[in-house]
Amino acid sequence: MKKIIQFCAALAVALGVAGCYNDFDMPAPRPAATDADFADMERISIADVKQLFLDEHKSISDTGSNSSWNDTKYTLIGQSESGKDYYIKGKVQSSDEEGNIYKSLHLVDETGAIEVKLSTGDYPMGTYDKATGTIPTHWVYVKVTGLYVGNYRMMLSIGSAPTDSYNKVGEHKFYANSNIENPTEIAQRVFLGEETELKLGEEILEIDESNYDDYFGEAGQQYLGRLVLIKGVTCHYGEVDSNLYPSWMCTDLRPVESKYWYKWAVNENFYSNTSRKNLHCNFYGSVLFSYVGLPTQTMTAGVFVVRTSGYSRFAKQPVVRDGGKGDILAILGIYAKYWTQSYGAYQCSISHFDDLMFDESQFLTDAEAEALAPAGSDSWTTNLSANDYEE
């Protein structure tokens with residue numbers, strides 16, 4: 001009995017020491033941020049953050065071409081008139097869980113939506129519940145004084161300082177802002193708040209055949225960056241103003257390569273005849289959806305392109321059939337230099353594969369996708385040996 005008592009006492013001491021050690025070595029998670037934590041700062045709405053850029057540069061058109069510093073435009077976020085630092089408070093409306101949205105945190109408040117460019121972070125958002133029209137999510141607070149509002153192809157975002165670099169083919173690239181890379185700075189600027197939800201008809205906007213004109217052109221620019229449910233839209237295959245749909249595209253190749261491709265993106269190994277070695281490629285995929293049939297140009301009201309990354313977990317999943325009709329839940333974006341650019345496009349980014357709300361029969365089968373674009377055929381590996389895309 002004495003040995004049992006001694007053993008129990010020793011075990012209790014060990015557990016107590018271990019418990020103290022764990023409390024010291026692994027501090028409790030940071031409590032959810034609330035408005036009270038920012039009482040000494042001034043809240044600025046997302047619409048007013050965008051207005052700071054517009055006040056300085058007048059328009060998002062012709063200010064996001066990013067071909068030189070002359071047409072790479074940005075605005076430094078300063079302090080309020082009373083000398084206080086600004087913060088924004090928004091609901092998370094994107095997820096990087098499936099890899100299609102990367103180093104981006106998309107927030108929405110009662111005035112609009114914007115991307116915050118980050119390198120790391122855990123800002124949870126759930127999936128869409130069709131029965132209730134809601135998504136569980138969280139509030140996030142961002143201290144924005146000292147950050148930059150930048151324009152890239154008419155999409156405004158918040159990020160760190162402007163930067164330039166060279167891409168894989170040696171071209172000089174210019175960026176109106178950059179990702180906040182330092183984890184310490186992120187921890188000092190970005191704060192996860194309490195649980196909340198996104199609601200259809202409030203934070204989640206509905207687009208359908210009756211109102212798609214409202215979202216088009218300069219008059220609809222306030223909707224850029226918003227989470228939208230595009231209802232009853234049809235997939236179309238074909239060539240539009242020299243762009244192919246569905247297709248993969250790699251802009252790091254010169255000339256740019258674009259081939260018909262019947263999966264959401266390319267994530268494949270291939271053999272290079274030039275370097276005589278196996279290479280790996282991750283290329284973007286583009287699939288066109290429209291309320292107006294196959295258009296003559298992509299910058300047309302009611303036309304949306306779903307752009308997906310080769311790094312997404314669903315990169316090899318087959319696309320929707322030509323003529324397939326369903327709903328899409330996505331961040332509404334644009335990729336254009338100016339409003340009248342015919343080959344610009346409204347590009348939509350999905351967080352989850354299930355955000356493509358089509359009946360299973362509306363998707364190609366694996367066999368059908370392979371038959372339409374078999375690996376090694378003219379559909380995607382042709383000419384790659386001459387350009388050697390290497391990571």
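The structure is a predicted model, in which local features need pLDDT of at least 70 and side-chain atom pairs count only at pLDDT 80 or more, while totals for chains, interfaces and linings use all residues. Residues are numbered from 1 along each chain as its sequence is written, and side-chain values use heavy atoms, with hydrogens and water left out.

The largest nonpolar core holds 83 residues, and L105, L107, I230, W264, F289 and I328 are those that touch the most other members. Such a core is a set of buried Ala, Val, Leu, Ile, Met, Phe, Trp, Tyr and Cys residues joined through side-chain atoms within 4.5 Å, where buried means under 20% relative accessible area, with a 1.4 Å probe and protein chains only. Strand β13 (residues 227-236) supplies the largest share of this core, six residues; strands are DSSP runs of E with at least two residues, numbered from the N terminus. Residues up to four places away in sequence aside, L105 touches V92, S94, I114, E115, V116, L118, Y123, V140 and V190, contact meaning heavy atoms within 4.5 Å.

T298 is found in the loop between β19 (277-290) and β20 (303-308), and T298 is buried, with a relative accessible area of 1%. When neighbours within four places in sequence are left aside, T298 is in contact with V240, Y245, L288, V303, S342, Y343, G344 and A345. In the case of G344, the backbone oxygen lies 2.4 Å from a polar atom of the T298 side chain.

A search of the whole structure finds two cavities of 30 Å³ or more. On a 1 Å grid over the protein atoms alone, a cavity is a set of points where a 1.4 Å probe fits but cannot get out, whereas a pocket is an open set with protein on both sides within 12 Å along at least five of seven lines, and lining residues have an atom within 4 Å of a point. The largest cavity has a volume of about 60 Å³, and among the 15 residues that line the largest cavity, M125, L227, L329, S351 and D355 are the closest to its centre. The second largest cavity, of about 40 Å³, is lined by Y212, Y215, F216, T300, A301, G302, V303, F304 and Y346.

The second largest pocket has a volume of about 280 Å³. Its lining consists of 18 residues, of which S95, D96, S104, G121 and Y123 lie nearest the centre of the pocket.

Key
Buried means under 20% relative accessible area, exposed over 50%, partly exposed in between (1.4 Å probe, protein chains only). Helices (H or I, at least four residues) and strands (E, at least two) are DSSP runs, numbered from the N terminus. Grid points are joined across faces, edges and corners, and a volume is the space filled by probe spheres set on the points. A polar contact is a pair of N or O atoms within 3.5 Å; within protein, one must be able to donate a hydrogen and the other to accept it, and residues adjacent in sequence count only if both atoms are side-chain atoms.
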